[in-house]
Amino acid sequence: MLSRRGYEYLEQKLMVEKNKKKLEEAAQSGSTEGVFDPSSPIRRHVKWKMARTKKTGQMTFEAAKEIAKKIVSHLQLRIVIIFVYSVND
């Protein structure tokens, strides 16, 4: 859930986690390729969802849960469309 520090702090926290995961994956693979590249920014829907998720993993409100489901289904549809277009080219 979003703290009093706001979205800026949440984004910084997510970037630290993302970079940590990137370093762990590089350590496991033994390759430093891509480790020093800057990470892409955190997507807006990810920040929105994290701001409405409790530490237990539950959404703060039922309405937020429904909106999150719609966001995920929309993203999945976009991935399928991109895949179909890339295969047909």
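Predicted model: local features only at pLDDT ≥ 70, side-chain atom pairs only at ≥ 80, totals over all residues.
View 1. Taken along the principal axes, the C-alpha atoms fill a box of roughly 40 × 40 × 20 Å. The radius of gyration is 16 Å, while a compact globule of 89 residues would come out near 12 Å.

**View 2. Helix H1 crossing helix H2.** Two packed helices are described by the angle between their axes and the distance between the axes. Here H1 covers residues 6-29 and H2 covers residues 44-51. Their axes come within 10 Å and cross at roughly 110 degrees. That makes H1 roughly perpendicular to H2, because angles of 65 to 115 degrees count that way.

**View 3. The residues where H1 and H2 touch.** From H1, look for Tyr7, Leu10, Glu11 and Leu14. Facing them from H2 are Val46, Lys47, Trp48, Met50 and Ala51. So what kinds of residues make up this contact of H1 with H2? Seven are nonpolar, two are charged and no polar ones take part.

**View 4. Arg5 and the ring of Tyr9.** Zoom in on Arg5 and you'll find its charged end sitting over the ring of Tyr9. The distance from that charged end to the ring centre is 4.3 Å. And how many aromatic pairs are there in the model? The count comes to zero, with ring centres needing to lie within 6.5 Å to pair.

Methods
Residues numbered from 1 in each chain as written. Heavy atoms only, no water. Axes fitted to C-alpha atoms, helices over the stretch in contact; angles between N-to-C directions. Helix = DSSP H or I, 4+ residues; strand = E, 2+ residues; numbered from the N terminus. Parallel < 35°, antiparallel > 145°, perpendicular 65-115°, else oblique. Contact = heavy atoms within 4.5 Å. Nonpolar A, V, L, I, M, F, W, Y, C, P; charged D, E, K, R; others polar. Phe/Tyr/Trp six-rings, centres within 6.5 Å; stacked < 30°, edge-to-face > 60°. Lys NZ or Arg CZ within 6 Å of the ring centre and 35° of its normal. Rg over C-alpha atoms; globule rule 2.2 N^0.38 Å.
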